[in-house]
Amino acid sequence: RGGRGGALSRWIKPTDFHLGAEVTFEMPSTGSKLFTLVVKGYDDYTKKIMESDKDEFPQSRTDLDVSRLSEKFTATKLPIRLIFSEADKFGTGMLPAEEFKKVVRAIEKEAKETGTIKIFDLPEDELELIIRDFGEQSEEDGSVSVHFNDFVDLMVLGAPRTAREYERDRQGTFAFSVEERMLKVLRSHFEEAGTSRLRKSFRDVDKDGSGFISAYLYKTVLRKHKFHLIMTERAADALRMQYDTNADGTLDYNSMCDAIHPGDFDKYVDAYIGPTTYGEKPKVGGPKNPLASTIKSAGEGLTTEEYLKKMNDENFSFSGDLKKQLLRAFNSFSSCFARHNRKKQLRKHMTAFDIYHLGTVTKEQFLSAIDDVTAEFFIDFDERDRDLISDYLFANDEIKINYERLLKVICTRNVMEAEKLRKESMASHVDSDKLFLVVDEQRARDFGGTLNLFST
């Protein structure tokens, strides 16, 4: 039936070649399935490398087990956090060890029933290792309870990066929310076997176990996880206020961690691949295949390249929201031309067109100046953004706009001021043809329009 179209695929890592693993190779450009290898065993030399080479195999045994589970559950689109939360009848965020085992086995069973991919049950010893890693022993009776939210958080970090995420990476940082950027940092720490358990860090400083911490402790944890490198203090304060559910200046860190780690993989896959289904349809009466939307069958559906182009166009158009399109275009223009030397050169080209020193340019002159400076400085400015800005601000080819004000509006990313500038330029514009249009009604006045020069 072909490969998975690259939507849930990723580059192969050394840690994929564990004992019993099935590794499927696909064409990077099309997602077509090439072949599948099964790891039956390895020699002593390879085993020694896997145990000692921390550069190639940096993650712990638990991290690797969770990563493999995550890839299986992502493909089957199961709401993992929701399933665990429903089992947590008292809302403590913890489950007894035996209950945690039952939930994991139930999820594995449900994953098998989807028929999407082969699901192998996690060996009992590896499940016990996970329980020890995420468990907490009671001082009263010695029983062990598991922080299942920590487990789900780690599964999110181990989930495969999807095609849409790579596309949004290409578009730039501004396409991501603060929570998504934090998830990217945590993922990098997870892959390097560093500090990646954010919720546990918050819980360690939450001495009374209330689920709320002060602004000072919040920033302490952010610095520990190196989030100060991706956000300003003002942005950190804004994020804390967003999750200040008590409105008392504290942080509800569980709510924030739930938002950073989207643990329901049905929503996760829809958000990063898209809910629209295309391609091969499931057989009538058989289990619905959640990956049908990523498979191209013969003669129908879209190829990976076509789908990514369609997805990119939809993201670029913001579903037809003109204000968002303009804001993105202004952001792009500013990043390309707001530097002093480039902006100065852009103004110089516009001034060259202004031979009567009126301080204005036409649409054609504006585009010509942009193209000249783009070529001069080798600037990668998207033509779609260029055309959107010019078509919006210059309603027709004859309208002239003050270029100093024009540059200020675009570089300050002021969409409301741009709308005002457009209206003013349209109102002040006079159609030159109408200035010379003279309607000769002399014949109608003198002869009533009935004169016949050929009458006898």
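## Charged residues and salt bridges in a predicted chain

Glu136 is partly exposed, with a relative accessible area of 42%, where buried means under 20% relative accessible area, exposed over 50% and partly exposed in between (1.4 Å probe, protein chains only). This is a predicted model, in which local features need pLDDT of at least 70 and side-chain atom pairs count only at pLDDT 80 or more, while totals for chains, interfaces and linings use all residues. Residues are numbered from 1 along each chain as its sequence is written, and side-chain values use heavy atoms, with hydrogens and water left out.

Glu136 is found in strand S4 (residues 135-137); helices (H or I, at least four residues) and strands (E, at least two) are DSSP runs, numbered from the N terminus. Together with Glu139, Glu140 and Asp141, Glu136 forms a negative surface patch. Patches are made of residues with over 30% relative accessible area and no salt bridge, like charges being joined within 9 Å and nonpolar side chains (Val, Leu, Ile, Met, Phe, Trp, Tyr) within 5 Å.

For the protein chain, the secondary structure comes to 22 helices and nine strands, and buried residues make up 40% of the 456 residues.

The structure holds 24 salt bridges, each defined as a side-chain nitrogen of Lys or Arg within 4 Å of a carboxyl oxygen of Asp or Glu. Three of these pairs are set out below.

| Pair | N to O distance |
|---|---|
| Glu98 and Lys101 | 3.8 Å |
| Asp391 and Lys363 | 2.5 Å |
| Arg386 and Asp371 | 2.7 Å |

Arg386 is buried at a relative accessible area of 15%, whereas Asp371, at 35%, is partly exposed.

Asp391 and Lys363 likewise form a salt bridge; Asp391 lies in helix H18 (residues 383-393) and Lys363 in helix H17 (residues 363-377), so this pair ties together parts that are 28 residues apart in sequence. Asp391 is partly exposed, with a relative accessible area of 42%, while Lys363 is buried at 15%.

Glu98 and Lys101, by contrast, are three residues apart in helix H4 (residues 97-114), and are therefore separated by about one helical turn. Here Glu98 is exposed at 53% relative accessibility, and Lys101 is buried at 12%.

Beyond these pairs, Arg81, Asp150, Asp153, Arg199, Arg203 and Asp258 are linked in a network of salt bridges.

Terms used. Accessible areas come from the Shrake-Rupley method with a 1.4 Å probe; for residues, only the protein chains shown count as cover. Lys and Arg count as positive and Asp and Glu as negative; His and the chain ends are not counted. The place of a charge is taken as NZ of Lys, CZ of Arg, CG of Asp or CD of Glu.
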